[in-house]
Amino acid sequence: MPTRIRDSAWFDRFSPLSRQNGLNCHAETMKCWLPLTMAMVVAMASAHVAARELPIRSFTVADGLADNRVNRIVLDSRGLLWICTNSGISRFDGSQFQSFGVPEGLPYPVINDLLETSDGDFWLASNGGGVIRFRVATAGPRYEAFSVDREPTSNRVNRLFRAADGAVWVGTDGGLFRMTERPEGGPGFTRVGLQRRGHPDEMVQVWSFAEDREGTLWVGTRFGLVSILRGGSIVSYPVRQELETDHVFSLLYAHEDDVLWIGHQSGLALFKPPPAASHSTVAPVAQPLEDRSIVRAAAQQFARQNGPAGVTACAT
């Protein structure tokens with residue numbers, strides 16, 4: 001059963017949409033309310049908010065959340081918020097949570113990510129059970145689990161990403177896969193070799209994705225950044241090669257500025273991607289190219305800061 005949030009008036013008090021347009025932002029008007037989910041956090045910086053009444057509200061299992069360990073938050077096309085946790089997923093409509101976990105039939109409890117399908121259902125990235133089809137809009141079993149590969153690490157799925165051309169990419173603890181969605185039957189998974197020197201694909205954890213304006217796919221891994229060009233050529237970008245690991249946990253591409261934000265294990269980097277044409281004729285798929293522009297810029301920046309972490313600006 002959904003659990004209703006008792007203090008719903010709290011949301012109205014801090015809602016910019018409510019103040020500007022006189023809207024009542026509850027479940028029936030969620031498409032108006034949900035965009036301010038992150039805005040409420042940003043609003044904490046306002047000097048006009050009294051310290052005793054900061055615009056922040058925490059949610060726990062007591063409010064109906066599936067688990068207090070939250071792995072990812074996704075906004076769907078209906079304006080509903082989905083929270084991926086270690087005990088299933090929770091749907092939030094602005095006034096109440098509805099959770100879906102093992103007691104409700106979910107095959108595996110730990111969910112790292114969620115991707116909406118064109119017909120309104122979802123793919124779930126589970127941390128050990130492969131990819132799970134979660135039906136909320138179409139007929140059929142509510143839950144179906146599909147193995148990504150025979151290797152157990154490949155069924156620990158960290159991230160799902162749909163590119164502009166419709167391709168679905170699956171990042172796992174055992175490498176990168178491309179998923180083929182089928183109207184009938186289960187999805188198909190094809191391994192895409194990242195060709196990291198000295199690191200077998202089965203040992204390369206994939207954490208994050210982004211796509212730039214040229215259609216280049218950027219992949220954050222345990223061993224640095226990788227780009228996959230439209231033609232299939234692969235270019236690797238080490239970030240801190242002197243470290244034992246080179247985790248790129250998060251990526252964000254800013255279309256307006258044509259820059260890539262890189263969330264690295266040792267700090268935050270801002271990278272200006274090179275034109276795809278500069279690599280497309282140089283790096284055939286069988287022979288990946290290594291571009292050291294980031295690692296050179298990062299080394300200079302970190303040396304100036306004389307510390308293990310910080311913000312780095314990199315340009316090619």
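Strand S15 (residues 217-221) has five of its five residues buried, so S15 is largely enclosed by the rest of the structure. Here buried means under 20% relative accessible area, exposed means over 50%, and partly exposed lies in between, with a 1.4 Å probe and protein chains only. This is a predicted model, in which local features need pLDDT of at least 70 and side-chain atom pairs count only at pLDDT 80 or more, while totals for chains, interfaces and linings use all residues. Residues are numbered from 1 along each chain as its sequence is written, and side-chain values use heavy atoms, with hydrogens and water left out.

**The whole protein**

The protein has six helices and 22 strands; these are DSSP runs numbered from the N terminus, with helices being H or I of at least four residues and strands E of at least two. Of its 316 residues, 49% are buried. Among contacts (heavy atoms within 4.5 Å) with a separation of 6 or more, 47% are between residues 24 or more positions apart.

**Around strand S15**

In a regular strand the side chains alternate between the two faces of the sheet. From S15, Leu217, Val219 and Thr221 point one way and Trp218 and Gly220 the other way, and all are buried. S15 runs antiparallel to S14, joined by five bridges, and S15 also pairs with strand S16 (residues 224-228) in the antiparallel sense over five bridges. Two strands count as paired if DSSP finds at least two bridges between them.

The hairpin of S14 and S15 has five residues between the strands, and glycine 215 there takes a positive phi near 85°. The hairpin from S15 to S16 passes through two residues.

Here are some residues that face each other across paired strands:

| Residue | Opposite residue | Strand of the opposite residue |
|---|---|---|
| Valine 206 | Threonine 221 | S15 |
| Valine 168 | Methionine 179 | S12 |

**A sheet of four strands**

Let us turn to an open sheet of four strands, with the order S10-S11-S12-S13 and antiparallel pairing. S10 and strand S13 (188-192) stand at the edges, each with a single partner strand, so one side of each has no neighbour in the sheet. Neighbouring strands of this sheet are turned by 30° against each other on average, direction ignored; axes are lines fitted to C-alpha atoms, for helices over the stretch in contact, and angles run from 0 to 180 degrees between N-to-C directions. Within the sheet, strand S11 (residues 168-172) and strand S12 (residues 175-180) pair over five bridges.

**The second largest pocket**

About 450 Å³ of space lies in the second largest pocket. The closest to its centre of the 16 lining residues are Arg72, Arg159, Phe161, Phe209 and Leu251. On a 1 Å grid over the protein atoms alone, a pocket is an open set of points where a 1.4 Å probe fits, with protein on both sides within 12 Å along at least five of seven lines, and lining residues have an atom within 4 Å of a point. Grid points are joined across faces, edges and corners, and the volume is the space filled by probe spheres set on the points.

Strands S2 (70-75), S6 (111-116), S10 (157-162), S14 (206-211) and S18 (248-254) each supply at least two residues of this lining.

**Isoleucine 132**

Isoleucine 132 is found in strand S8 (residues 131-134) and counts as buried at 0% relative accessibility. Beyond its neighbours within four places in sequence, isoleucine 132 is in contact with residues including Leu106, Phe122, Trp123 and Tyr143.
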